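Here is a short briefing on one chain. Overall make-up comes before local detail.

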Amino acid sequence: MTAVTMTAPAGTGRRARNGTGTGQLTGTWALLRLALRRDRIIMPLWVLVLGGSFSSVGKSISSLYGTAAQRADLAASMNGNSSLRAMYGPVFSDSVGGLVSWRMIAFGAALAAVMSLVVVVRHTREEEETGRQEMLSSAMVGRRAPLTAALLAAVIANAALALVIIAGMAGSGAGGAGAVAIALAVAGVGVLFACTAAIAAQFTESARLAKGLSAAVMGAAFVLKAAGDSATDDGSSVFTWLSPIGWAENVRPYASERWWVLLVIVGAAVVQCAVAYALTARRDVGMSFLATRPGPARGRISTAFGLAVRLQRGALLGWTVSFAAVGVVFGGLTGGAADLVGDNEKTKEIFERMGGQAGLTDAFLASMVSVLGTVAALHIVSSVLRLHGEETAGRAEPVLAGGVGRIGWAAGHLLIAFGGAALIMVAGGLGLAAGYGHELPAVLGASLIQLPAVWLLGGVTVLLYGALPKAAAAAWGLVGLCLALGWIGPALNLPQPVMDLSPFTHLPKLPGAGMEWGPVALLTVLAVALVAGGLAALRRRDVLN
């Protein structure tokens, strides 16, 4: 298939009708309403959880560091630790709002970017990949209407996120201009990466590749920010200024706000948006500027498992390398865990709730291992849902028509999903032990103990896909709940019955705590049962087309 089809001369068919003037935007509002209707559940959840986390962190900081002296000591210790600066950035103000900005602005901007790229790719490239866009375009829909509707949906989501952040910060006692600055910085980066995703959607024929390309740009931006912040404690590094996430950080909420930095973010978004519009005008629906290489049907590609490996090897490699790198960073922080916490008993209690009642260093290691486990759940859900993507895109049907059974086809992808989860947890454990410099067997064992909970969430995803394929995306909500309970629950001291909703809560807090095989075995058995139930349901239902 040709990678790019140039637009035909005006005067033929729909393209002539929509080639100039406002006709290129015909149907935008109808497509926008459709996009908002399709995202009416996931988008509000994302906005409320992400926006509400700012308020939760503000209340937590007010509780943990109630005096100006405690906050000043915290700011000094954070700015003096290059590893923490790499993760969170420098502290520009030791007020409650300033500490919330330090703790949340980089991660909030990154998560807003993820939300935006998912929204844009879903309503552009994914619509083209499934053939729905071609059907819609047969009506009175302008060439630029789909892209405009997708970008507007992302803008609406980020505007709502900004309002929730402002309201939450005001509710935690840290409102004012700083709250507006942090909200606009986070939302601005979200809109900027929506435009990045719009460009990526023009270059690839696959929604998955478009998301991966956009996420890679976002990851590179975070790495640049981390490199710059580790080198300087005032955000002045060239690497920091090369990163959009570094721009958000340099808005400096609650510390003599730099409003002009927001103009940099807006300018970059406008330029990328113009590039996306220029590219979409030069290709046909369903085409892309980068051709998909046809793969040879021989050797390891001749089996269902080989096909699954070929389709998912790039993503698995990216997850593995990322986990190893993050593990090294977390391990480097472990040695100074006691110094970072100091004499603050409430902070110690939070780490103990996350990592058990063992020594503070072991509790810190256990909490970091738990974080890796909950993030690994994102990999397994994404990998399992690749089955759904192959089915809805119409690529599964030809494979199944060629003599490959449904179970064999699905098993190839599930081996990558479940085995890949084990691989990335091993990489994370090795990185954690390497960064810490001690306790390799204990840390690696603690990492592997997270697998039953990861596999359980993967099993739920398999069951949803097999029995209720249209509801399979609900697995993302379950993972989001586990992430929220694991990261925010201990700080908010949520009741134990609420914390028990996450399978990770039932695992032994290793290293440091005693090993309990009962919960590990039970979660593993449940995961196997869920996978078996999902495969049985897949055998009985019709394949989508």
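Contact means heavy atoms within 4.5 Å. This is a predicted model: local features need pLDDT of at least 70, side-chain atom pairs count only at pLDDT 80 or more, and totals for chains, interfaces and linings use all residues. Residues are numbered from 1 along each chain as its sequence is written, and side-chain values use heavy atoms, with hydrogens and water left out.

**Whole chain**
- Among contacts between residues at least 6 apart in sequence, 77% join residues at least 24 apart.
- The chain has 26 helices and zero strands (DSSP runs numbered from the N terminus: helices are H or I, at least four residues; strands are E, at least two).
- Of its 545 residues, 49% count as buried (under 20% relative accessible area, 1.4 Å probe, protein chains only).

**Helices H10 and H11**
- Helix H10 (residues 177-203) packs against helix H11 (residues 207-231) at about 140°, with axes 8 Å apart (axes are lines fitted to C-alpha atoms over the stretch in contact; angles run from 0 to 180 degrees between N-to-C directions).
- H10 contributes Phe-193, Thr-196, Ala-197, Ala-200 and Ala-201 to the contact.
- H11 contributes Ala-210, Leu-213, Ser-214, Val-217, Met-218 and Ala-221.
- By class, this contact has nine nonpolar, two polar and no charged residues (nonpolar: Ala, Val, Leu, Ile, Met, Phe, Trp, Tyr, Cys and Pro; charged: Asp, Glu, Lys and Arg; polar: the others, Gly among them).

**Glu-391**
- Glu-391 lies in helix H18 (residues 360-392).
- Glu-391 is buried, at 2% relative accessible area.

Notes: Buried means under 20% relative accessible area, exposed over 50%, partly exposed in between (1.4 Å probe, protein chains only).
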